[in-house]
Amino acid sequence: MCGIVAYIGPKDATPFLLEGLARLEYRGYDSAGVAVTGRSGGIKLRKVKGRVADLAADVPARFKGTTGIGHTRWATHGVPSDANAHPHLDNADRIAVVHNGIIENADELRAKLTAEGVVFRSETDTEVLAHLIAAHVTEGGELEDAVRAALGRVVGTYGIAVLDAEQPDRIVVARNGSPIVLGIGEKEMFVASDVSALVRYTRQVVHLEDGELATVRADGFRTFTADARTTHRQPSTVDWDIDSFDTAGYEHFLLKEIHEQPGSVERTLSGRLDERFATAHLGGLNLDARELREIRRVKILGCGSAYYAGEMGAQLIEELARIPAHSEPASEFRYRNPVIEADTLYVAVSQSGETYDTLAAVQEIKRKGGRVLGVVNTVGSAIARECDGGIYLHAGPEVSVASTKAFTSTVVAFALLALHFGRIHDLSPADGRRIVSALQALPDQIREVLDQSEAIAELAAEYAESAGMMFIGRVRGYPVAREGAQKLKEISYVHAEAYPASELKHGPLALISPELPTVALVPDDELLDKNLTTLGEIKARSGRVIAVAHRRPEEKLVDHCILVPKSEPELDPLLLNIPLQLLAYHAAVALGRDVDKPRNLAKSVTVE
């Protein structure tokens, strides 16, 4: 991983490759490179450890070609370095390859190729592909045949683009577990691992399926399987535009996306609330009322913030629909030989729709006969295509690595699902109307919280140098605490831990000191008195407390308080989370972090 771009057509490929890679910077990476060829033959290669800007500065003016591939790398095999950066070439400098994914049998293949006289120039698994393809290229043979033969020897995941200096009229691409998207232009074609690299040039795209390859030429494309059977892919239209990938005057994409949340929530809700029957319309579920009533439990699967959104979603489903629900990390689910039950509904959550661990969990459930819904933001993504039905978030593209607006829209989508379930079961019309009204009020309430950004920035600057932070919440507040700790860790690199407030006395209270501030979720609900008692326990041990609350606790219980508007109890977590996003953002800025591209992380994790 992490980002792939490619171009073939009448123009110079290099400007598109560099711009496309820059569009993919948000995914996280440590090195970048490009390779081009043309009618004159030969491959020109440039790659560097560092940013796309460093690569652009290293590319000479005469670096031109009408066919090219580019890559931003996030290290899996070998340290970040010029040599380990993609593209990788074979020993004859004829074949160039860029690759997302992991070749699991790379060591075995490397040993065999070395014994055959191949000299490796890098530590990567990807270089194996370049040499394998070169070994299968025959005089007068087709590049796609060599790629198919090479992939037949590979075990693992991949999204690849392959260039042949002797066949500059084509690029061959393939997908297995890592996304590849074709972009259709006027007598030119584009390839990328993410549509964000394509939207300036075309809205017509084709998503490859796992196990599928494509030969891409300037005048079109052909898709086929590993055994050379032709497949038929119809283009779809991307509804994002280039302005979505601009900071629009904000200092960072993350801050922009935090402030976009009122609009993203409105889009998630749009057309889905039914005031007459106090319910939600979710036609994409592909489940009728009778089928929904037969569901006895719900299992939600996601990774990182998607997992925490699933925890909030599970609580909403249990409270509103009275159906047992549970959230579990997708990355663990498939390794424990899970029991798949016919009366359980499985829900896969992923902003990108390409998260490999989640996709693999979906495939395992489907293999065992389970029913899976997807909650995803990216139309046409792998998880969306694999699932039996689902809910698109319509949050708009999320560029920053840390998820904010997609997280919030995911929880809103779960509120809609819980309302829909609840009204089919035993949720009264009065309670349905209560939730509908609360959902309609959310965008304006989020705006109220966002108006406190400057005050939260001052607070974040005061606490940013802390060695760590504790986040606590009870029941509905605990997933919020977990997501708050996650955000702080992701973008500020400040160590943060989240605990149920009720668990402090069972161990974590030993950590409390003036050096470890506590962020406490204190909603005005049935557990308010218990939460206030917990604050007293922290203050009695000289701990500092930042409360996120609906009304200010006694002065002796808190050092600082961030007030948020009151919603219905089931939806309060949505609003309690917004200040924690701002707190993490402003702490990261105060510490001088690379907010949009935090170290060691990638936006879309398409490997295990």
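**Sheet and helix packing in a predicted model**

Visitor: How many bridges join β2 to β3?
Guide: In this predicted model, β2 and β3 run antiparallel. Within that pairing, A32 stands opposite V48 in β3. The number of bridges joining β2 to β3 is 6.

Visitor: Which are the edge strands of the open sheet?
Guide: The open sheet has 8 strands with antiparallel pairing, in the order β3-β2-β4-β1-β10-β9-β11-β15. An edge strand here pairs on one side only. The edge strands are therefore β3 (44–49) and β15 (236–237).

Visitor: Which strands of the sheet does α1 touch?
Guide: Among the buried residues are F16, L17, L18 and L21. Their cover includes α2 (52–58) as well as strands. Where α1 packs on the sheet, its direction makes about 160° with that of β1, and the strands touched are β1, β2, β4 and β10.

Visitor: Which residue caps the N-terminal end of α1?
Guide: A side-chain oxygen of the capping residue lies 3.3 Å from the backbone nitrogen of T14. T14 itself is one of the buried residues of α1. The cap is D12.

Visitor: What is the orientation of α7 to α14?
Guide: The axes of α7 (residues 261–269) and α14 (residues 429–450) come within 8 Å and cross at roughly 170°. Angles over 145 degrees count as roughly antiparallel, so α7 is roughly antiparallel to α14.

Visitor: How many nonpolar residues are in the contact of α7 with α14?
Guide: On α7 the contact includes V265 and L269, and on α14 it includes L439 and I446. The contact also has 1 polar and 2 charged residues. The nonpolar residues number 8.

Note on methods: Residues are numbered from 1 along each chain as its sequence is written. This is a predicted model: local features need pLDDT of at least 70, side-chain atom pairs count only at pLDDT 80 or more; totals for chains, interfaces and linings use all residues. Side-chain values use heavy atoms; hydrogens and water are left out. Buried means under 20% relative accessible area, exposed over 50%, partly exposed in between (1.4 Å probe, protein chains only). Helices (H or I, at least four residues) and strands (E, at least two) are DSSP runs, numbered from the N terminus. Contact means heavy atoms within 4.5 Å. A polar contact is a pair of N or O atoms within 3.5 Å; within protein, one must be able to donate a hydrogen and the other to accept it, and residues adjacent in sequence count only if both atoms are side-chain atoms. Axes are lines fitted to C-alpha atoms, for helices over the stretch in contact, and angles run from 0 to 180 degrees between N-to-C directions. Angles under 35 degrees count as roughly parallel, over 145 as roughly antiparallel, 65 to 115 as roughly perpendicular and the rest as oblique. Ala, Val, Leu, Ile, Met, Phe, Trp, Tyr, Cys and Pro count as nonpolar, Asp, Glu, Lys and Arg as charged, and the others, Gly among them, as polar. Two strands pair if DSSP finds at least two bridges between them.
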